[in-house]
Amino acid sequence: MTAVARRLLGRLVGTAFGRAVLACLALAGWALWSGGLFDGPVARHVRASSVYAAPGVDLDRAAAERVVGNRRLVVLLMTPGADLREACADTERATGGTLVLAMSRDGEDWDTYGCSRVGGDSPRDIGRSMVTETVISQGADAFVDRPIEALKVIVLNYDRLVRTGLLPDGARTISPSLPRYLLAGGAVVGVVAGAAALWLGGRRAGRLADARRAGRDARADERAALGAATAVLAQQIIDLDRTGGPGYLRLAGDYVGLLDEVSDPDSGDSVGRLRDRVEELSRRASDLAADAAAGGTAGRNRARTRGRGRR
């Protein structure tokens with residue numbers, strides 16, 4: 001493995017997403033393997049059927065399926081000279097919990113090979129398996145030319161073994177393997193989790209958008225209030241224009257500098273600080289106006305006093 005491949009693999013394994021992808025790949029591989037990806041044609045067929053007929057074997061498959069029914073019995077009808085033991089072994093993973101009988105025509109008789117996959121490996125179970133494998137094909141040689149009738153005899157032998165307790169009663173169940181259930185469950189969980197994540201994400205995005213809109217509205221209101229206060233200050237400065245004086249000139253200069261910051265949206269000062277500065281300048285303007293009014297009243301009083309003295 002090259003250094004680049006090792007680095008990419010390390011990055012993949014080092015993240016939660018990468019580990020999830022690897023887990024999904026492992027589960028998919030397990031599902032394919034347990035589902036018969038590497039099975040031969042016989043094993044793939046008997047995963048969902050109780051009767052297999054090799055190409056070239058004359059058999060009414062539908063009638064044969066009806067004869068066997070849902071019993072825990074699998075019959076393999078192979079071509080003459082086929083390796084029955086190998087055919088039976090190839091179906092080991094596909095026929096768990098059943099009695100398998102491989103048979104092929106050998107002249108005027110049936111060549112048979114049975115393999116029981118019912119029970120465990122205890123001496124008692126092994127003895128039962130040997131009996132069932134021997135008894136299951138008895139009497140079938142009388143119907144070499146009629147395989148359907150031979151299947152009926154095999155089924156009668158199977159039912160007799162069930163009645164004697166050598167085989168468990170019950171139907172054969174064909175169900176998907178565990179990994180397929182896990183994949184299906186994972187898909188459902190993924191869909192539900194994805195829908196929940198989208199719903200929660202949508203709610204969070206909505207709350208953030210609402211908060212941003214509220215913030216923009218609040219800032220717009222503050223800007224509007226700042227603009228109104230600035231307009232009031234401008235009117236005060238206009239009213240003071242007749243008085244002149246150093247105080248007015250300083251106030252006008254400060255107002256011009258403040259106006260540049262108010263009109264610049266990228267100004268570093270916040271709206272609140274600018275509002276405070278506007279209020280400070282407005283107080284200065286009010287003080288100047290009061291001083292000017294007081295000075296004008298004092299001058300008129302002095303003029304009246306001089307006029308009365310002359311008379």
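**Overall architecture, nonpolar cores and a pocket**

The protein chain contains 10 helices and 4 strands, where helices (H or I, at least four residues) and strands (E, at least two) are DSSP runs numbered from the N terminus. This is a predicted model, in which local features need pLDDT of at least 70 and side-chain atom pairs count only at pLDDT 80 or more, while totals for chains, interfaces and linings use all residues. Residues are numbered from 1 along each chain as its sequence is written, and side-chain values use heavy atoms, with hydrogens and water left out.

Read from the N terminus, the order of elements is α-α-α-β-α-β-α-β-β-α-α-α-α-α. Of the 311 residues in the protein chain, 29% are buried; buried means under 20% relative accessible area, exposed over 50%, and partly exposed in between, with a 1.4 Å probe and protein chains only. The chain exposes about 19400 Å², of which carbon and sulfur atoms supply 58%. These areas come from the Shrake-Rupley method with a 1.4 Å probe, and for residues only the protein chains shown count as cover. Among contacts (heavy atoms within 4.5 Å) with a separation of 6 or more, 61% join residues 24 or more positions apart.

In soluble globular proteins, nonpolar side chains tend to be buried together. A nonpolar core is here a set of buried Ala, Val, Leu, Ile, Met, Phe, Trp, Tyr and Cys residues joined through side-chain atoms within 4.5 Å. The largest such core has 28 residues, and Leu73, Ile136 and Ile154 touch the most other members. Strand S1 (51-53), helix H4 (61-68), S2, S3 and helix H7 (147-163) each supply at least two residues of this core, with H7 giving the most, 8 residues. A second, separate core of 16 residues includes Ile237, Tyr248, Val278 and Leu281.

Leucine 73 lies in strand S2 and is buried, its relative accessible area being 0%. Leaving aside neighbours within four places in sequence, leucine 73 is in contact with Ser50, Val68, Thr98, Leu99, Ile136, Ile154, Val155 and Tyr158. From leucine 73 to isoleucine 154 the C-alpha distance is 9.4 Å, across 81 residues in sequence. Isoleucine 136, not counting residues up to four places away in sequence, touches Leu73, Leu99, Leu101, Ile154, Asn157, Tyr158 and Leu161.

The second largest pocket holds about 190 Å³ of space. Its lining comprises 13 residues, and those closest to its centre are Val57, Asp58, Arg105, Trp110 and Val144. On a 1 Å grid over the protein atoms alone, a pocket is an open set of points where a 1.4 Å probe fits, with protein on both sides within 12 Å along at least five of seven lines, and lining residues have an atom within 4 Å of a point. Grid points are joined across faces, edges and corners, and the volume is the space filled by probe spheres set on the points. Strand S2 (73-78) and strand S3 (99-106) each supply at least two lining residues, and S3 gives the most, with 3.

Two loop residues complete the picture. Aspartate 83 sits in the loop between S2 and helix H5 (84-90) and is partly exposed at 45% relative accessibility. Its C-alpha atom is 9.5 Å from that of tyrosine 113, 30 residues apart in sequence. Glycine 120 is located in the loop between strand S4 (109-116) and helix H6 (123-135) and is also partly exposed, with a relative accessible area of 36%.
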